[in-house]
Amino acid sequence: MTKTVVTVVGKDTVGIIAKVCTYFANNNININDITQTTMQGYFNMMMLVDTSASTKSHAEIASELESIGHEIGVQIKAQKEEIFAMMHRI
């Protein structure tokens, strides 16, 4: 399993979750865990996704998610789970 941590942050608006989840569904990316909050008009979501069934590389997924973020007015970052595992090993 290839895990990626995806974060979405920005002003709350209708359709943020729908747009991100539609991208995942269209690219065979499964959501393993998700947390989302809205605080004083700001939207924050963090997901752990499995990209192993996707035909796209991590770089392609990260770039395409970033573009979707620009379209809908939020910042979307995709980082390999390995980065977090290595940070906690030190």
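Tutor: A nonpolar core is a set of buried Ala, Val, Leu, Ile, Met, Phe, Trp, Tyr and Cys residues joined through side-chain atoms within 4.5 Å. Please keep in mind that this is a predicted model.

Student: How many residues has the largest nonpolar core, and which elements give two or more residues to it?

Tutor: Those with the most contacts inside the core are Val 6, Val 8, Phe 24, Met 47, Leu 65 and Ile 76. The elements giving two or more residues are strand E1 (3–11), helix H1 (16–26), strand E3 (42–50), helix H2 (58–72) and strand E4 (74–80). The core has 18 residues.

Student: With which residues is Phe 24 in contact, leaving aside its neighbours within four places in sequence?

Tutor: Phe 24 is listed with those that have the most contacts inside the largest core. Once the neighbours within four places in sequence are set aside, its contacts are Val 6, Ile 29, Ile 31, Met 47, Val 49 and Leu 65.

Student: In what order do the elements of the protein chain run from the N terminus on?

Tutor: The protein chain has three helices and four strands. From the N terminus on, their order is β-α-β-β-α-β-α.

Student: What is the radius of gyration of the protein chain?

Tutor: For 90 residues the globule rule gives 12 Å. The value for the protein chain is close to this, so the chain is as compact as a globular protein of that length. Along its principal axes, the C-alpha trace spans about 35 × 30 × 20 Å. The radius of gyration is 13 Å.

Student: What share of the contacts with a separation of 6 or more comes from residues 24 or more positions apart?

Tutor: This share concerns contacts in the protein chain, where contact means heavy atoms within 4.5 Å. Residues 24 or more positions apart account for 66%.

Student: Which side chain of opposite charge is nearest to Asp 50?

Tutor: Asp 50 lies in strand E3 and is buried. A salt bridge needs a side-chain nitrogen of Lys or Arg within 4 Å of a carboxyl oxygen, and Asp 50 has no salt bridge. The nearest side chain of opposite charge is 8.3 Å away and belongs to Lys 3.

Student: How many residues apart are Glu 71 and Lys 19?

Tutor: The count of salt bridges comes to two. In one of them, the side chains of Glu 71 and Lys 19 meet at 3.5 Å, N to O. The pair links distant parts of the chain, Glu 71 being in helix H2 and Lys 19 in helix H1, and the two are 52 residues apart.

Student: Is Glu 71 buried or exposed?

Tutor: Exposed means over 50% relative accessible area. Glu 71 has 58% relative accessibility, so it counts as exposed.

Student: What is the N to O distance in the salt bridge of Glu 64 and Lys 56?

Tutor: Glu 64 is partly exposed, with a relative accessible area of 27%. Lys 56 is also partly exposed, at 27%. Their side chains meet in a salt bridge with an N to O distance of 2.7 Å.

Student: Is Asn 27 buried or exposed?

Tutor: Asn 27 is placed in the loop between H1 and strand E2 (30–39). Not counting residues up to four places away in sequence, Asn 27 touches Ser 54 and Lys 56. Its relative accessibility is 11%, so Asn 27 counts as buried.

Note on methods: Residues are numbered from 1 along each chain as its sequence is written. This is a predicted model: local features need pLDDT of at least 70, side-chain atom pairs count only at pLDDT 80 or more; totals for chains, interfaces and linings use all residues. Side-chain values use heavy atoms; hydrogens and water are left out. Buried means under 20% relative accessible area, exposed over 50%, partly exposed in between (1.4 Å probe, protein chains only). Lys and Arg count as positive and Asp and Glu as negative; His and the chain ends are not counted. The radius of gyration is taken over C-alpha atoms; the globule rule is 2.2 Å times the number of residues to the power 0.38.
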